[in-house]
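Please keep the sequence and the model in view while reading.

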Amino acid sequence: MSPVSLSVPELTAGDVHIWEDRVLDPAGRRFPAPPDDLSRLLSGDELERAARYRYPADRQRFLRGRTVLRRLIGAYTGAAPDRVRIVTDGLGKPSAQLPGGLAAVHFSVSYSGSLLAWALSRSPVGIDVEMFDPARPDDLLVGAVCSPLEAEDLSRLAGEARTEAFFRL
């Protein structure tokens, strides 16, 4: 995503737009942290939160996730990204407060490993991503996230076939 401008398609009722990015390139090298001109989009609270991350990779993922989120919300709503406030409700669900009565946009952010994903819609939306790991899925994970019928179907498979079927669910 260009740090200078971001062009997005129109987001109409019923649409869900999904964006993805990576903190690591395909060779496993860390992408540079957001430049200062992007970090200026973040609030003091967001910068303090980033500073509390123990590991630099987690800090970088948070900074990248928030700067891109602000840019996406700004592009979809016409708000200046630095004027978008990200707030959470009593359950921890984040939402955007926009200046001047701009049309709301709902969002969800997920990350796993180096992968970041954003879903945006005009109605409530959710997204969850998981990095593909051949060592998974174990029975505990299957039991936690699959219906009994899905778990039964997976129990008939082994090895790579089971893993691929799990990630297709």
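On a 1 Å grid over the protein atoms alone, a pocket is an open set of points where a 1.4 Å probe fits, with protein on both sides within 12 Å along at least five of seven lines, and its lining residues have an atom within 4 Å of a point. The structure is a predicted model, in which local features need pLDDT of at least 70, side-chain atom pairs count only at pLDDT 80 or more, and totals for chains, interfaces and linings use all residues. Residues are numbered from 1 along each chain as its sequence is written, and side-chain values use heavy atoms, with hydrogens and water left out.

The lining of the largest pocket consists of 20 residues, and R49, F62, R66, V109 and Y111 lie nearest its centre. Two or more lining residues come from each of α3 (56-77), β2 (85-88), β4 (106-112) and β5 (115-121); helices (H or I, at least four residues) and strands (E, at least two) are DSSP runs, numbered from the N terminus. With six residues, α3 provides the largest share of this lining. The volume of the largest pocket is about 390 Å³, where a volume is the space filled by probe spheres set on the grid points, which are joined across faces, edges and corners.

The second largest pocket has a volume of about 300 Å³. It is lined by 11 residues, and D128, E130, F166, F167 and L169 are the closest to its centre. Both α4 (139-145) and α6 (159-168) supply at least two residues of that lining.

Attention may now turn to the strands. An open sheet of three strands is arranged in the order β1-β5-β4, with antiparallel pairing; two strands pair if DSSP finds at least two bridges between them. β1 (16-22) and β4 each have a single partner strand and stand at the edges, so one side of each lacks a neighbour in the sheet. From one strand to the next, the twist averages 15 degrees, with axes fitted as lines to C-alpha atoms, for helices over the stretch in contact, and angles running from 0 to 180 degrees between N-to-C directions.

Seven bridges join β1 to β5, and H17 has L120 in β5 as its bridge partner. L120 is also the bridge partner of F107. β4 and β5 pair over seven bridges and form a hairpin with two residues between them, where G113 in the turn has a positive phi of about 60 degrees.

Finally, α3 packs on the sheet and touches β1, β4 and β5, its direction making about 25 degrees with that of β5; contact means heavy atoms within 4.5 Å.
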